[in-house]
Amino acid sequence: MTAKTMEELVSLCKRRGFIFQSNDIYGGIKGLYDYGPMGVELKNNLKQSWWKSMIYERDDIEGLDSAILTAPEVLKHSGHEDTFSDPLVDCKSCKSRWRADQLEDQSCPACKSKNLTEPRPFNLMFKTAIGPVDDGSSFAYLRPETAQQIFTNFKNVLTSTNKTIPFGIAQIGKSFRNEITPRNFIFRVREFEQMELEFFVDPGEDETWHQYWIDSRYNWWLNQGINKNNLELLEIEKSELSHYSKSTIDIMYKFPHGKEELEGIANRTDFDLGSHTKNQEEFNIQAKVMKNDKSTTKLAIHNLEKKTWTIPFVIEPSAGVDRGVLAILNEAYKEEKIDEKNSRIVLTLKPHLSPIKAAVIPLKKNNAEIVNESKNIKAVLQKLGLGRVVLENSGNIGKSYRRHDEIGTPICITVDFETLENKTVTVRDRDSMKQKRISPEDLVNYYKDYFI
Ligand code: GAP
């Protein structure tokens, strides 16, 4: 079972400190959200899981953390200045603005007027001035995707790590798009995070690698707790492909508002390195690229045996962190009947994603011995480095269980008078709600078994 509506998720996120409307006390800004104490942990855990699977568990991918502010030349040659736009219409009656391709009945969603302007392209990139003089002569864009600086750093990473194709560069970070109609909570926002891999391959091997990454990424989402009945692979029609893509498969997820893209996996051919390389005429670039006389660097691989230079093809799995968080919250949200009278909301998150890994709860809030013993247990578990462990000293065990069910804490550990005598504690499993008493020697292994 998932959440029934987006409202249920929005309400849980606010109540339990996952996600808040940004700039809220001044009325908020549409399409911007802040991650609260639980949200930042969940988001970090998701990113860490991606980073581990991309970098630590393999030896053919390196990481990168590039600047957000991006020189106009980069986004000119990537095609973003010319093509990164949505069709915009103005409502002449109420002066609101909408995406033309999202209108129903060609009428204004706010006032229902049909008195609309013709659609015109609206570039989605944010600009900002560089330096103290804001006269338009020196500006940068806030990157609309993390991918472009991976391409501009291709040679730096290649030469500093002695890699050769096939190999990849992975990056997680913020991207910015001035969406005309941000909507559906954190699904379509103006400031979001992406987890992008650019995987460089021999031109003849691109299709095999494309399929490899489609399978790999699909399985990764299953491992994050997404049910396969809620996932679907969608091949994008040729007429709908982005300018750089030979073929794109979207991983679609059944969000509360409908089935939409969670991640795209594109075969970007030699478009990117071919667009940003110097001396384009030296290479047999297959994609249609803009002439580049500004780049200072050859973005190609030297084959020492064949004595040839090749511009690699790029396979790009590109996932949205915020959409991932939304899908995972939706998937984990359950309302369960406990008995005739009572029910509970529980987030059955995979333990590696849970914001809090364990809560240590003293039975008596004001009993110094019990509280001290609880602090000691927290410190021991915290030192294992598997994530955040909290001391939950509310003095109300029932309330503590309810709170930790709702934020998805896999284990609650209660410390009571018996603990003072023989060091045993009561552990409660989130999903089964079963409780048992265990010895201090068993506690560390019991805890570790959830995560390793
Ligand atoms: N480098 C390729 C690229 O950026 P994209 O399909 O435009 O491709 C990739 O974006 C992913 O980024 C999407 O699948 C989605 O998860 C996320 N994304 C894109 N625009 C977004 C937005 N406005 N709000 C939240 N996530 C977004």
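Modeller: First, a term: buried means under 20% relative accessible area, exposed over 50%, and partly exposed in between (1.4 Å probe, protein chains only). Helices (H or I, at least four residues) and strands (E, at least two) are DSSP runs, numbered from the N terminus. This is a predicted model, where local features need pLDDT of at least 70, side-chain atom pairs count only at pLDDT 80 or more, and totals for chains, interfaces and linings use all residues. Residues are numbered from 1 along each chain as its sequence is written, and side-chain values use heavy atoms, with hydrogens and water left out.

Biologist: OK, which residues of helix α1 are buried?

Modeller: In α1, residues 6-15, they are Met-6, Glu-8, Leu-9, Leu-12 and Cys-13. Down the axis of α1 they fall within an arc of 160° (taken from the directions from the helix axis to the C-beta atoms), so they line one face of the helix.

Biologist: And what's on the face turned away from that?

Modeller: Glu-7 and Lys-14, both exposed.

Biologist: What covers the buried residues of α1?

Modeller: Counting contact as heavy atoms within 4.5 Å, the cover includes β1 (19-21), α9 (321-332) and α11 (397-407), among others.

Biologist: Switching to α6: which residues are buried there?

Modeller: Phe-154, Val-157 and Leu-158, in a helix spanning residues 154-161. Their arc is 100°, so they line one face of α6. Thr-159 and Ser-160 are exposed on the face turned away.

Biologist: What happens just after α6?

Modeller: Asn-162 takes a positive phi of about 55°. Just after α1, Gly-17 has a positive phi of about 80°.
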